[in-house]
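Please look at the structure below and keep it in view while reading. The paragraphs that follow go through it a few residues at a time.

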Amino acid sequence: MRLLKQWTTITPILAWVLFFTGLVYDSSLFQIIASVLLIGSVMAAVHHSEVIAHRVGEPYGTIILAVAITVIEVSIIISLMVAGGDEAASLARDTILSATMLILNGIVGLCLFLGGLKFREQIFTKHSATIALVSLIAIVILTLVFPTFTTSVQGPYYSTPQLVFVSIACLVIYSFFLLAQTRRHREYFLAEDGVNDAHAIVITNKQMIVSLVFLLLSLGIVVLLAKTLSPTIERIVIGYHLPKTLVGVIIAAVILLPEGIAAINAARKNKLQTSLNLALGSALASIGLTIPCVSIVSTLYGMNIILGLDIKSMILLGLSVFTVMLSLASGRTNIVYGAVLLVNLAAFIFLIIHP
C-alpha cells in the first residue's frame, strides 16, 4: 500500500480523474489545476522510468521510455489525422520535425551545456553515437527530404509503392539499431559506472510492475492533457499574434518533457552516455515507428500525407544533424557544443515566429 500512497502514483491518478470529469473544458481554474497535474505527471513518469531502468539495466531502461512515449505520440497523431482528414495531411511531418529538432538541439544541447558547465568535459562511447547518427541520417533523408524531389507524384508526397518501401526501410534500420544496442554491440551503449549504480539500488519485481503501469498512465495523461489544453495554448499564441504552427512545437515539447528531464538529470550526474541513449534513441523511435504507422492509416483511409520539407526546414534540419555529428565525433564534449545546439534550436523557433 505504501507504493500507492506516493505522490508519483497519486498525481497521475488525480490527473486521470480530472480528465474524465470533463471539468478541464469548462473553467480556467481547472485548466490551471490540469497544468499543475500535467507537470506532476511528467515528473512521475521520470521517476518511474528511472525505477524501471535500475531494474532492467541499461540500455533497456532508456529503450522502454523512448518506445513508450513514441507509441503514445503515434496514437495521438493517428487520431488527429483520422479526425482532421485532408486538413491534417502535414500533421505527421510537422510533428516529426518538431520532435527531432527539439531532441537534437534542445535535449542534447542542454545535456552537453549543463554537463560541460558542471564537469567541464564529459566522455561517452563515440561508437554508440556513430551507430545512432548513421541510422538517424538515413531515416531523416528517406522520410523528410526525398519526398520533395521524387517525381512519381507531384508535390511533397510519396506514391503508395514508395511509401511502402520507406516504411519497411524505417523498420529495418530501427530494428538493426535495437539489435546493436541490446545484443551485438551492447557494450557501446553502457555507461562506465552503470554496473555499480545498478547494484546500489535493489528494485523488486513488484516495484517494477507498479512503476511500469504508472509510467504508462503518466505518459498517457501527459499526452491527453496536452491535447486538451492545446486550444487554450492556441488562443494564447494567436492572442500574441504568433504563428499557429508554434502550438505544435509547444505540444511536442510537453510530450518530450519526461525524456528531456531524465536525460538532463543523467547528464548532471555525469552519465552522459545514458543521456545520449535516451535522446538519440528517442529521435530514431519518433521517426522509425511513426512513419510506418502513419503510412498504414493513410493507405486504409485513402489519405494523402505530406512528408517532404521545404528548403528552409531542410537546411535547419541538416544544420542540426551536422552539428550533432561533429559534437559527438570525438567521444568528449564541452560547453561550446551545447551552446551551439541551443542556438540552433533558438533559430528554429525564431524562424517559425518570423519566417
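Phe189 has a relative accessible area of 2%, so this residue is buried, since buried means under 20%. The model is a predicted one. Phe177 belongs to helix H6, residues 160-184, while Phe189 sits in the loop between H6 and helix H7 (194-200), so the pair ties together parts 12 residues apart in sequence. Phe177 is also buried, because its relative accessibility is 3%. Elsewhere in the chain, one aromatic cluster is made up of Trp16, Phe19 and Phe20.

Next come the charged side chains. The count of salt bridges comes to two. One joins the side chains of Asp94 and Arg93, with 3.2 Å from N to O. How accessible are these two partners? Asp94 has a relative accessible area of 32% and is therefore partly exposed. Arg93 has a relative accessible area of 17%, so Arg93 is buried.

The other salt bridge is between Glu121 and Arg332, whose closest N and O atoms are 2.8 Å apart. This pair links distant parts of the chain: Glu121 is in the loop between helix H4 (91-119) and strand E1 (122-123), Arg332 is in strand E2 (residues 332-333), and the two are 211 residues apart. Is Glu121 buried, exposed or partly exposed? With 43% relative accessibility, Glu121 counts as partly exposed. Arg332 likewise counts as partly exposed, with 44% relative accessibility.

Strand E1 contains Gln122. Gln122 has 0% relative accessibility, so Gln122 counts as buried. What surrounds this residue? Apart from neighbours within four places in sequence, Gln122 is in contact with Cys111, Gly115, Gly116, Ala267, Asn270, Lys271, Leu272, Gly331, Arg332 and Thr333. Ala267, one of these residues, has its backbone oxygen 3.0 Å from a polar atom of the Gln122 side chain. Arg332, also among the contacts of Gln122, is the residue that forms a salt bridge with Glu121.

Now turn to the backbone. Which loop holds Arg120? Arg120 is placed in the loop between H4 and E1. Its phi is positive, about 70°, although Arg120 is not a glycine. Arg120 has a relative accessible area of 70%, so Arg120 is exposed, the limit for that word being over 50%. His241 also has a positive phi, about 60°, and is not a glycine either. The place of His241 is the loop between H8 and helix H9 (245-255). The relative accessible area of His241 is 75%, so His241 is exposed.

Helix H8 itself covers residues 205-239, and Lys206 lies in it. Is Lys206 buried or exposed? Its relative accessible area is 56%, and therefore Lys206 is exposed.

Notes
Residues are numbered from 1 along each chain as its sequence is written. This is a predicted model: local features need pLDDT of at least 70, side-chain atom pairs count only at pLDDT 80 or more; totals for chains, interfaces and linings use all residues. Side-chain values use heavy atoms; hydrogens and water are left out. Helices (H or I, at least four residues) and strands (E, at least two) are DSSP runs, numbered from the N terminus. Buried means under 20% relative accessible area, exposed over 50%, partly exposed in between (1.4 Å probe, protein chains only). A salt bridge is a side-chain nitrogen of Lys or Arg within 4 Å of a carboxyl oxygen of Asp or Glu. Rings of Phe, Tyr and Trp (its six-membered ring) pair if their centres lie within 6.5 Å; planes under 30 degrees apart count as stacked, over 60 as edge-to-face and the rest as tilted. A polar contact is a pair of N or O atoms within 3.5 Å; within protein, one must be able to donate a hydrogen and the other to accept it, and residues adjacent in sequence count only if both atoms are side-chain atoms. Contact means heavy atoms within 4.5 Å.
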